[in-house]
Amino acid sequence: MSKQYGQERLMRVVIAPQISEKATYVADKHEQVVFRVLRDATKPEIKAAVEMLFKVQVNKVQVACVKGKAKRFGRIMGRQNNWKKAYVCLVPGQEINFAASEQG
């Protein structure tokens, strides 16, 4: 599937793993991993990128668009950017070890 998309594009699709209390709970309960991804990334692109980067098999991908929060800077109201997160469901028996994948 990665032949369909450019390798440079797939390297940029996944920005970072989303580390939070909810992400940890989802990982333990449903064997899913949560990633921060590009806003224009599609489900097939995310699947191909995760399979290529982490050498695992992906069962399915769910995406959620997160609205940016309104923040104050003194008297000035500002807004954080909107972003997209992907819930990646791995094939049973597969797991991603982030400590090992950073060194390789």
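Cys89 is buried, at a relative accessible area of 13%, where buried stands for under 20%, exposed for over 50% and partly exposed for what falls in between (1.4 Å probe, protein chains only). Cys65, by contrast, comes out as exposed, with 64%. The model behind these values is a predicted one, so local features need pLDDT of at least 70 and side-chain atom pairs count only at pLDDT 80 or more, while totals for chains, interfaces and linings use all residues. Residues are numbered from 1 along each chain as its sequence is written, and side-chain values rest on heavy atoms, with hydrogens and water left out.

As for disulfides (cysteine sulfur atoms within 2.5 Å of each other), the structure holds zero. Cys65 takes part in none, and the nearest cysteine sulfur, that of Cys89, sits 20 Å away.

Next comes the sheet. Helices (H or I, at least four residues) and strands (E, at least two) are DSSP runs numbered from the N terminus, and two strands count as paired if DSSP finds at least two bridges between them. On that basis, four strands make an open sheet in the order E1-E2-E6-E3, with antiparallel pairing. E1 (14-17) and E3 are the edge strands; each has a single partner, so one side of each has no neighbour in the sheet. Direction ignored, neighbouring strands are turned by 30 degrees against each other on average. Axes here are lines fitted to C-alpha atoms, for helices over the stretch in contact, and angles between N-to-C directions run from 0 to 180 degrees. E2 and E6 run antiparallel and are joined by six bridges; Val37, for instance, has Lys84 of E6 as its bridge partner.

Helix H2 (residues 21-30) touches E2 and E6, and its direction makes about 140 degrees with that of E2. H3 touches E1, E2, E3 and E6, and its direction makes about 120 degrees with that of E3.

Then there is the nonpolar core, meaning a set of buried Ala, Val, Leu, Ile, Met, Phe, Trp, Tyr and Cys residues joined through side-chain atoms within 4.5 Å. The largest one has 21 residues, and Phe35, Ile46, Val50, Val88, Leu90 and Ile96 have the most contacts inside it. At least two residues of this core come from each of helix H1 (7-13), strand E2 (32-37), helix H3 (43-54), strand E3 (58-66) and strand E6 (83-90). H3 gives the largest share, six residues. Neighbours within four places in sequence aside, Leu90 is in contact with Glu31, Val33, Val56, Gln57, Val58, Asn59, Glu95 and Ile96.

Phe35 turns up again in the one aromatic pair of the structure. Rings of Phe, Tyr and Trp (its six-membered ring) pair if their centres lie within 6.5 Å; planes under 30 degrees apart are stacked, over 60 edge-to-face, and the rest tilted. The ring centres of Phe35 and Phe54 are 5.6 Å apart and the planes stand at 25 degrees, so this pair is stacked. Phe35 lies in strand E2 and Phe54 in helix H3, so the pair ties together parts 19 residues apart in sequence. Both residues are buried.

Phe98, in helix H4 (residues 98-103), counts as partly exposed at 25% relative accessibility. Beyond its neighbours within four places in sequence, Phe98 contacts Pro17, Val33, Phe35 and Phe54. Phe98 and Phe54 are 44 residues apart in sequence but 8.7 Å apart in space, C-alpha to C-alpha.

Technical notes
Contact = heavy atoms within 4.5 Å.
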